[in-house]
Amino acid sequence: MNISPLNICLLGVIGLVAAGFYGLLTTRNLIKVVIMLQILVKAAVLGLITAGNISGQLYVTQSMAITVIVADTIVAVIGMAFAIQIRRQVGTLDTNELSSLRG
Amino acid sequence: MAAILVLLTIGLPWIGALLVLLTGNERPKLQHAVASIISVAAGISAVVLLWFTSDQPVLSIPMGSVFGVFTFVPDALGVLLAVIANVVGCLAVIFSIDYMKGNEQLGRYYALVMFFIGAMAGLGISGSLLLMFFFWEITAFCSYALISFDNDDPKAVAAGIKALIITQLGGIGLLVGALIINSYVGSYQISAFLTKAETLPFNVLVLLAFGFLAAAIAKSAQVPLHTWLPDAMEAPTPVSALIHAATMVNAGVYLVARFFPAFEDVPGWTTSVLVVGMISALLGALMALVAADLKRALAYSTISQLGYMFFAVGVGAVFASQFHLLSHAIFKALLFLCAGAVIPAVGTRDMRQMGGLRKTMPFVFTVFVIGSLALVGLPIANGFFSKELILEEGLMHGPMWAYIGMLLGVGLTALYVSRMVFMVFYGESHGEKPIHDGLFWMRVSLTALSIGVFTTWLLAGVLSDLMAQTLPFHGVHAIGTFELAKEIILAPATWISIAVIVLGIGIWILREPLAGIKNLLRPVARIIENGLGFEQLNQGIINGTKNLSAALHLTQTGQLNWNILGIVGMLSALFALLFIGV
Amino acid sequence: MPTIDTLEWAMLETLIYGILVGAAIFSAIQSLRADSLLRSAIWLAGVSVLLSIVFYLLGAYQVAVIELSVGAGLVTVLFVFAISVAGDEGIGERSLVPKPLAWGLVIFSGLLLIYFILPIKAPLSTISKTSLTAVFWEDRGLDLLVQIVLIYSGVLGLVGILAEAKAPLQQSMVDEVAAERERALQEMEQTVVPEVDSPI
């Protein structure tokens, strides 16, 4: 197999996606869920930059990547704010218990 | 200029909706003022738009390769719809100042009504199918939310869900149609589709034609998908007048008329439209004849009148159908708003508990009779000209049996309108004495609409002229108002139908001697009263949808880990499929 | 003239990428396995730093800088703050999805992805001359607009959520929920083996 830097980057994307998904599948802590989401998004950004390098339109993908990073940071901020509030009001960060709260 | 007007017509009500919400329910007076001033401004901008009609897009917003270009084409067909939405809308809002006085959730009410008005105008003016779908769905949502406005009442909630599910059939049909058209024509533009309709494969065209017809039937409450409309009468009455009589239910007729040139040559399509219209006109009239609830009777009458419009499209008279659409919007809104004045005054919707209101509510009585004249189709009122035009076209271009059916419908209309007027306004009073005879703002909008009843037929010439200019595919001929009026008055069809109307009213007056026949027909009336079995069909659709969602609810555990498992599992399943090479 | 042989340079380059990406994946896995949230967050910062170096090497300088400052800096600070406020417990809870199933699915889809994507024949490209600012401000103005709206709504949301904290906490509701949980726990204790770590 032709091992070039771009192939390694793509392998990295797959590895990070796998790690992120595994984390989301197994974790029940709200903050950890947000951390795993961060890993997934970083994989997506790496994928975007690699794709830009392959197609030679790096600047277009860079601007998209910046959008993704901004969006993702907002998600992290709001997620953390929620976590703090939920911890204060409900007293747990376990997503399983949170989903059984009703009304 | 035209672009700005289009934006104003759609945007002003939406801005108004936001402003009313921001005003807050603590300041009801300000809310009333904001809502009425902005809706009047929107109404004016819509009327001014009549001078800027065009068959070319005046505003194009490119939305990228997937969604195509969102265009606004203010042609006569669309502007007519926008004008009706905005003008009747502003009158309904003005009526609401008195009708909704003291309600604690004015913000929600006005916001939804104005959101609806803007979306309805947009539905007419949009030139892209996808944009049209977008507005179509907003109208469906607003209709649902306003039917269920009184959300403490389980009946209102159930009626809202029913209306939403059934009109969604129309929405889905429109979306699928838009996607199919895009894949064959390569564009979402309606004009592009009308130009290239003949090049489409025959079976696709047939599918589209009947799919759109089904969508129109659901939205316009035609038989057999009509039962949501009477149930929708749980909404506040100005909403019934605006959404369920004057505007949203016209969207189906509009759809059929809009695509008429494309589907005209599909065998059986025009006949189907005609038959749907005729059956709806007849059954609607029959059910209006036995309904005891004033608003439900008016709703059945709406179904019947929409049937006339479908019939007109079926015989190829697009202009006649749009003319009747205009007349119907005015007089039916008038009748509904009268009902909106009567019902709170006497405290019931049951016509059997009314009676004798002629003396205690003289003003409402007068305007109600004006509206009834138009509904029955007696001279000088706008309904006379538009309905006679439809019948004349039916006699000339349609089959004889259909014409006779429609004529029967005319007689039945006269009969049920006489019954309605009599039960509400004549005879002995059976209930409470009314507490008022229409409050000030109610009277303002009722007066405006009754003036409209006598004057809108004068617009026939302008309308036909505009339609001839801006609808290159429909083949409408311009004709002067008085030429048209002369033609209608001199046509034999008119005299026949006037005779039938007189016969209908006569039957009502002579109902005592004819009591024997009436008793004979009692079992039939019972069956009609129960909705002729369509209720079960419609309820079946609703129950099916609900059961499906209940079944699918099991897949929503609400637990993050399992949801992620679903996502990843689906991803790998897709990859596996690709791997196998399906 | 003594220059590095092209082939040798290519191998070296590949090696550098391999080490960086491998380290990033290692960090991600460590972040996944960490038994304290704080460590998890710091490993995440590690992923961010390593990836920003990769971005730089790939020629995406601006993204590299933003990733380093926002991803590794701001977000980490945020996580540390949030964890210090919200506490660190509850991380060892058993997952709902059986672990072998999770493993199987992830590895299965990962392998299929590798099969479909790799290998790419394209070499590392030379960067075109268009400047990012031109693309960013002119060609993709909509993106910029969306970002502004996004940041605005993010700030609004944050203010809304944190402002609520200043309002008096509804102690009655907290008590109610706590009592409910207490009762549920007692019920559980009667039926199953008592849990070692109580959630509160």
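Me: What separates the centres of domain 1 and domain 2 of chain B, and how are they taken?
Reply: The centres of domain 1 of chain B and domain 2 of chain B are 41 Å apart, taken over C-alpha atoms. Domain 1 covers 2-529 and domain 2 covers 542-580. These bounds come from an automatic or database domain assignment. This is a predicted model: local features need pLDDT of at least 70, side-chain atom pairs count only at pLDDT 80 or more, and totals for chains, interfaces and linings use all residues. Residues are numbered from 1 along each chain as its sequence is written, while chains are lettered from A and ligands numbered from 1 in the order in which they are written.

Me: How do you know that α1(B) spans close to what is expected of a helix?
Reply: The expected span is 1.5 Å times one less than the number of residues. Helix α1 of chain B (residues 2-23) has 22 residues, so 32 Å is expected. From first C-alpha to last, the helix reaches 31 Å. Helices here are DSSP runs (H or I, at least four residues), and strands are runs of E (at least two), numbered from the N terminus.

Me: What makes Gly11(B) the site of a kink?
Reply: The bend at a residue is the angle between axes fitted to the seven residues ending there and the seven starting there. At Gly11(B) in α1(B) the kink is about 35°. Gly11(B) lies shortly before the proline Pro13(B). Just after α1(B), Gly24(B) has a positive phi of about 90°.

Me: What makes residues of chain A and chain C count as in contact?
Reply: Their C-beta atoms, placed from the backbone, must lie within 7 Å. By that test, 68 residues of chain A are in contact with 84 residues of chain C. α3(A) gives the most to the chain A side, with 25 residues. That side divides into 40 nonpolar, 22 polar and six charged residues. Nonpolar means Ala, Val, Leu, Ile, Met, Phe, Trp, Tyr, Cys and Pro; charged means Asp, Glu, Lys and Arg; the others, Gly among them, are polar.

Me: How many helices and strands does chain C have?
Reply: Chain C has seven helices and zero strands. Of its 200 residues, 20% are buried.

Notes: A residue is buried if 20 or more other C-beta atoms lie within 10 Å of its own, exposed if 12 or fewer, and partly exposed in between; C-beta atoms are placed from the backbone. Two residues are in contact if their C-beta atoms, placed from the backbone, lie within 7 Å.
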